[in-house]
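Please walk me through some features of the structure shown here, giving the general idea before each case.

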Amino acid sequence: MPELPLLKVNNLKVEFTTDRSKILAVDGIDIRLTRGKTLGLVGESGCGKSVTALAIMGLLPRHASISGEVLFKDQDLLKLKKRDMAKIRGNQISMIFQEPMTSLNPVFNVEYQMAEVFKLHRGKSGKEVRPEIVELLRTVGIPNPERRMKDFPHQLSGGMRQRVMIAMAMACEPDILIADEPTTALDVTIQAQILELMNDLQRVHDTGLLMITHDLGVIAQVAENVAVMYAGHIMEHSSVHEIFSDPLHPYTRGLLKTIPRIASKTERLEEIKGTVPHMSKVPPGCRFHDRCIERLARCSQETPPVSQVSGRTVRCWLY
Amino acid sequence: MNSEFKQVIRVYKRNKLAVVAFFIAIILMVLAVIGPYLAPYDPVEINLQLRFEPGFWEGNTDHLLGTDNLGRDIFSRILYGTGISLKVGYAVIAITAVVGLFIGLVSGYFGGAVDIVIMRFIDILLAFPPLLLALVIAATLGTGIEKAMLAIAIIYIPSLARIVRGSVLTVKEMPYVEASRAMGAGKFWIIVGHVLPNVLTPVIVYLTLLLGDAILYTAALGFLGVGIDPTTPEWGAMLSSGKDFLILGKWWITVFPGVMIFLAVLSFNLFGDGLREAVDSKLRL
Amino acid sequence: MALYKYFIKRLVLTLPTLLGVSIIVFLLIHMIPGDPVDIMLGDRVTDAAKLALEERLGLNQPLHIQYWNWFSNAVRGDFGISIRSNQPVIEEIMRRLPATVELTVVALLIAVVFGILFGVSAARYRNTAIDYSTIGFSLLGVSIPIFWLGMMLIFFFSVILGWLPVSGRLAMGISIPQMTGLYLVDALIAGKISAFWGALKHLILPAFSLATVSLALIVRVTRSSMLDILSEDYIRTARAKGVRERKVIYTHALKNAMIPVVTVIGLQLAKLMGGAILTETVFSWPGIGRLLVTAIGVRDYPVVQGVVFFVAFAFIAINIVVDLFYAYLDPRIRYD
């Protein structure tokens, strides 16, 4: 029996209003996140995946208007007051970001920044949590934690900073961890270590992980389910096996083709012709139609709805 | 080069406040020149019968802004004062630019012992609160507008020299300078041809912000009666002579010169700010 | 590097500057035209009297000997005797120093406290009425001449409204037992509340007029610094951790934002010291600023030298303190 989802996002729309224009960055997407499982949210830059994550966390700026539902434990997070949402952040839902080099406050040491999470959500004092912090740092693989926690961020490498971020995020054993391109700014070898760390932690704490990335390799390594996002729409939502073995949406197929294979003999790298549209100038009909090689006449006129295909969902007129 | 200039102007125009400030600044500069010709009276002529006359608000059409404690016409004095303040301001800019550039270039380009000595000297000068420095130097040099100009310029020269030196140090290492040297260019040519143009931008920005400040210092020296002869129709000096009579209700002797100082400083400051923003945006693009 | 090691390092580096300052001060003062002896003796100048006076004042010795005499004494706190009043210069300075300190400190407090508060509010409520009015005020404040502002304040509050006194530190007839020389502090210690209020009323206008320009500048810098910091990634992290907005602004953001603000505050100290000279003149405030102006007028060398050197020295010392605070705020500096 399939588990009840921990997080249900229904028809989420996010619109940014600037002096000049309104931009609909996310236009009606649905997401399901299950305990202990990982959902990979894939897409190129500008497709709206980070905005989605920030919307769930309630971290969007004032000039953003959000509609839809974000259901977590029978509560619609979008309807919560700021103070109540703050109690959930870092506590039941945590997030880590892409740039470890700038994500830690340079004027406070590691111990202070980690102790803060405990003080906020568990009400403990600085002295009480010290052993917990040491243990946490050791778990994420930081050598000599008792000494390193007195360090300031600029004394740590990028990989170590990201480990500290993960430690902070997992400190209160959250139900959900959202990771927005956590390894993009790191070296490939460190990348593998960080992903493995996240996998381990997830297993131990049974956390639901929302992994946002543009890298299909990362998806292959950590995700059970995948949602492919393009220009504010979710184009395809399947299990990871199905995505790789039998991709339905032309965009997904195009993405898979662009992965260079060392064994193949072709000389030119594959590409998807055209560029991602700016969200203020979205093409009519299906948003991908101008770059789609399997385009039908209908595709440029009507936007395809989300349709079910043997347990998966796709937004495409081919189905 | 020309298109960059046009772009700076375009960005500047967007800032409405700065545009207004620009026009006020122009008006002041015009007044500085033609002021003496517009003035109905001699600014230093004492007329003890007409002391403390109020101005147009009490129907006085002879002396629009009233007369001061020695019967001098305030309107005329203000007009003359515009010229004085602006003249000192521009002179300060000129002196600071020339001396500051020279010292900064020498210090930066030749380096070594020369650099160390000059920088130490600059440190020492910067150890003084600026007004104090200007005060003592003006007192040392004696009375006279030119001496006041020099005294005030000495406040800014160390900072400008430092900025110039910094720029020089950066430019010195640039590949195109090395290339020039390899082609046999002499030191002087390099300094003038390469270093100077690149140094100019931060220098100009610094100088535009300087004018408003310089006018304030001029007024301060005039107010304290140091370096500027108290009888000259300088705005600050006017404030000083009117100070004691404020309590007696003769407010026009101090309000008008003060408003002029405020207006001048404000418009030049806004102009400088607007210019700096416009130039910055060019740099960012 | 620990904070105190950084302190020692800075101290040692400033000693040559201090020496240079003393030399410059000495040379400058001695180049002031006008012979103090002539001024002192007035009409009764005879050559013999002149020589005698010069001898007594040590003015007939070669310049470098005069400098050395002065400097070696100055380091011990002996700045010589005032030509005008015959009192030791150091006593003249000390007698008036508390007045200036009180004025400058209160002005600084006003400028820093309100400056930071308004600056943070403007950044937090960006593009609202609070923001616009704050920016407007700071634009005006930076351009206004302090001495004129002082006069206008007097005119408005003393002459027209009659709420506040016109000049001086205290009304006639009221006395406060002198402990620190700071009237506010002394009045509180002695428990004389009415005297305290009196002193406060005398202090408000001068302190405010002195503080205005610095206040405007601090508001501006704080606002722009806060705006920069608030867009940084680590602020987003703090919010993602669930930190309350108030703590995000006043702890996470402010400590970082203060770094450039402290620099500006350090620079403002110099302006305040200079401005005190002007303010004391406007309000007839019995501080060292007024002492200096009078001394320049009568060519009282020892007093001018003493005051200038004293002020420069104080300024250098304060700068070291500011640097220390800087290093405390931003640990990245200490580890260079």
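Reading backbone and packing features

A: Ser284(C) is found in the loop between α11 and α12 of chain C, where helices (H or I, at least four residues) and strands (E, at least two) are DSSP runs numbered from the N terminus. This is a predicted model, in which local features need pLDDT of at least 70, side-chain atom pairs count only at pLDDT 80 or more, and totals for chains, interfaces and linings use all residues. Residues are numbered from 1 along each chain as its sequence is written, while chains are lettered from A and ligands numbered from 1 in the order in which they are written.

Q: What is the phi of Ser284(C)?

A: Most residues other than glycine have a negative phi. Ser284(C), however, has a positive phi, near 50°.

Q: How do α11(C) and α13(C) pack?

A: Axes are lines fitted to C-alpha atoms, for helices over the stretch in contact, and angles run from 0 to 180 degrees between N-to-C directions. Helix α11 (residues 245-283) and helix α13 (residues 301-329) of chain C pack at about 175°, their axes 10 Å apart. The two are therefore roughly antiparallel, a term for angles over 145 degrees.

Q: Which residues of α11(C) and α13(C) meet?

A: Residues are in contact if their C-beta atoms, placed from the backbone, lie within 7 Å. Among them, Lys255(C) and Met258(C) lie in α11(C), and Val311(C) and Phe315(C) in α13(C).

Technical notes
Angles under 35 degrees count as roughly parallel, over 145 as roughly antiparallel, 65 to 115 as roughly perpendicular and the rest as oblique. Two residues are in contact if their C-beta atoms, placed from the backbone, lie within 7 Å.
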